[in-house]
Each structure stands twice: as structure tokens, then as C-alpha cells.
Amino acid sequence: MHTHVLTANAIGSVPARREAHKALPGDLAVWIFIFAELLVFGVLFVAYALARRSHIELFNSEQALLDRQGGLVNTLVLISSSFCLACAGAAIRADRVRACALWLSGAWVLGAAFLVLKVLEFSHDADIGMQLSRNLFDMFYLSLTFFHFMHVLMAMVIVSVLIHHTLRGHYSARAHTGIETGSSYWHMVDLVWIMLFVLVYVLH
Amino acid sequence: MAHAQHALPTQAQRLPLVCCALLLLTLLSYYGLNRFPERSFVLLVLAAMWLKGQLLVDHFMGLRTVRRFWRLLMALYLLGVTVAIGLAFLLD
């Protein structure tokens, strides 16, 4: 009987599959927030690309001053952190609470590594005289990356809460909306960085 | 029971593959596409960016199995931003 239930859940009956094809993971409220955030970043990305059209020489010369290797490492770190969170979700769906806590901790450590690397990069930028009021590129670059930095910081706070709740046994295979909600926010932050990295560090 | 254990992790088993694809596409964008002429370089880098975004949305965010409306909304966003950036970089 137990085997039958597990198998049915794993494969999914037709109504169950239909149900699974409906809901967004996590809380709907966070998805409204995610779409709003994506819209803001999207407008800023297009504004950067349009501003570059009339200042190509300036954007190319300033871009050459950036720590592009640092940007690459940060991208690899954030993608890995997203992977950890996706694995945390898979673990809790299989009721592996301890594994879920470990994956969440892995994501937290990688998020912290991103922040440390970004602080070092901001320090390098300050050393070479970059500031918001210096030119158009600096204004866009510093605004976009610092705005994103604050989002990673927020995501770290959310994952800290998730780790705490997981260790206290608040989540299980049946109840893990909190983990899906927090993970969705983190993945949004990663998605924004993927586009930001290409726009600011790669395209020239 | 063995069947159930086999069926459960299939979605999770895809995650390492997706992660590897995302990391490889990032490295390819950074190191591998520089040798192409400017216009092709921009197109290829943006195509890789769109693909990475779509992989992340489908597999990490888990939108692959949700209602079509949400998937379409996210796909349109990714495509819209990618095309807008592409036009700004490529149109004279």
C-alpha cells in the first residue's frame, strides 16, 4: 500500500499532474515581487545599452578598467549557489531535512563569497577613481552592481532564516513553501546577475 | 518500492547537468567567443545569455512544470531584454 502511494505520487496520476502544472513554486506574493524586480532591472539594462550607443568610446575604455576576471568568478559562484538551493529544494521534497540544511548552508557560504569578492572589486574600483558622478559608465556600473549587491545581501538574510527554520524542523516533504519562496528570490538574484555580467563585463 | 525510489530523484538528477551547462556557457561566453567578428560575438554572447536564463528559470526556479502563462511571461521577459540589448548593440 505504502509502495503504491509512493509510486503514484512519484509518477503522478492525471489530475495530480494537472495540479502540478498550475501553481508557481512558493508564495504568489514573492512572484509579484520577483516580476516587479525583474522589470526594474530590465529597464536599467536597456537604459545602459542605449546610453552606451552614444558613448561607445567612453564605455569601452572604462570597461577595460574593470576586474573582469572577478566578474567571471562571481558569476560561477552565484550559479553554484543557485544549484545548491535547487538541491536543497529537491532534498526537502524527498524529506531529507539534514541534506536540505547542508545545501542551504552551501548556498549561504557561496553567497558570502560573492559579497566578499564584490567588496574587493568595489575597493579596486575606488582605487582607480571610479565614482557615481565621474561619468555615465561609472554611474550605470556602480548603481547596477551596488543595487544587485543589496539584493544578494537580502537573499543571504532570507537563506539564514531558512537554515534556522530547517534545523528546527519547520520544513518537510509536505510543508516546504518557505524554502521554495526563498529559493525563488535567490534564483531571481542569480538571473539578474547572469544578464548584468554579460552586459557590463563581457559585451564590448 | 524500488520503482518508487527510482522514480523520485529524476528531476533532482537533472540539476547537476543544468549546473554544468550554465558554468560551461559562462566560460564559453567569456573565453571562447572573443575570436568571432564583433556582430557575431554580440549575437553569440546574447544567445548564450538567453539560454542560461531559460535553463535557470526552467530547472532551478522550477517553472518548467507550472501553468503556461507564467512560463510565457518569464520567456517573454528574457527574450525582450535580450533582443532590446542586442538591438542597442547592433543597430547603427
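In chain A, 81% of the contacts with a separation of 6 or more are between residues 24 or more positions apart. The structure is a predicted model. For chain B, the corresponding share is 61%, counted among contacts between residues at least 6 apart in sequence.

**Chains and confidence**

Chain A has eight helices and zero strands, and its elements run α-α-α-α-α-α-α-α from the N terminus on. Chain B has four helices and zero strands, in the order α-α-α-α along the sequence. Of the 204 residues in chain A, 38% are buried, while 33% of the 92 residues of chain B count as buried.

The mean pLDDT of chain A is 89, with 90% of its residues at 70 or more. Residues 1-16 of chain A are a stretch where pLDDT stays under 50. For that stretch the model has 13 contacts beyond four places in sequence.

**The interface between the chains**

Contacts between the chains involve 39 residues of chain A and 34 residues of chain B. On the chain A side, helix H1 (2-11), helix H3 (28-53), helix H5 (68-93) and helix H8 (177-202) each supply at least two of the residues that touch chain B.

| Helix pair | Crossing angle | Axis separation |
|---|---|---|
| H7(A) and H8(A) | roughly 155 degrees | within 10 Å |
| H5(A) and H6(A) | about 165 degrees | 8 Å |
| H5(A) and H8(A) | roughly 160 degrees | within 10 Å |

H7(A), residues 136-167, meets H8(A) at roughly 155 degrees, with the axes coming within 10 Å. The two helices are therefore roughly antiparallel to each other, and their crossing is left-handed. On the H7(A) side the contact includes A:Tyr141, A:Leu144, A:His148, A:His151 and A:His165. On the H8(A) side it includes A:Gly178, A:Gly182, A:Tyr185, A:Trp186 and A:Trp193. The residues of this contact divide into 15 nonpolar, five polar and no charged.

H8(A) also packs against H5(A), where the axes come within 10 Å and cross at roughly 160 degrees. That angle makes H5(A) roughly antiparallel to H8(A), and H5(A) passes H8(A) in a left-handed crossing. Among the H5(A) residues making the contact are A:Arg68, A:Gly71, A:Thr75, A:Ser82 and A:Ile92. H8(A) contributes residues including A:Ile179, A:Glu180, A:Trp186, A:Asp190, A:Trp193 and A:Tyr201. This contact divides into 11 nonpolar, six polar and three charged residues. A:Ile179, A:Trp186 and A:Trp193 of H8(A) take part in the contact with H5(A) and also in the contact with H7(A).

H5(A) has a further partner in H6(A), with the axes 8 Å apart and an angle of about 165 degrees. H5(A) and H6(A) are therefore roughly antiparallel to each other. H5(A) passes H6(A) in a left-handed crossing. The residues of the contact divide into 19 nonpolar, six polar and two charged.

A:Asp95 lies in the loop between H5 and helix H6 (97-127) of chain A. Its phi is near 65 degrees, a positive value in a residue other than glycine. Most residues other than glycine have a negative phi. A:Asp95 is partly exposed because 13 other C-beta atoms lie within 10 Å.

A:Ala99 is placed in helix H6 of chain A. A:Ala99 is likewise partly exposed, with 15 other C-beta atoms within 10 Å. The C-alpha atom of A:Ala99 is separated by 29 Å from that of A:His148, which is 49 residues away along the chain. A:His148 belongs to the H7(A) side of the contact with H8(A).

Note on methods: Residues numbered from 1 in each chain as written. Chains lettered and ligands numbered in written order. Predicted model: local features only at pLDDT ≥ 70, side-chain atom pairs only at ≥ 80, totals over all residues. Contact = placed C-beta atoms within 7 Å. Axes fitted to C-alpha atoms, helices over the stretch in contact; angles between N-to-C directions. Parallel < 35°, antiparallel > 145°, perpendicular 65-115°, else oblique. Left-handed = near helix turned anticlockwise from the far one by under 90°. Nonpolar A, V, L, I, M, F, W, Y, C, P; charged D, E, K, R; others polar. Buried ≥ 20, exposed ≤ 12 C-beta atoms within 10 Å, placed from the backbone. pLDDT = per-residue confidence, 0-100.
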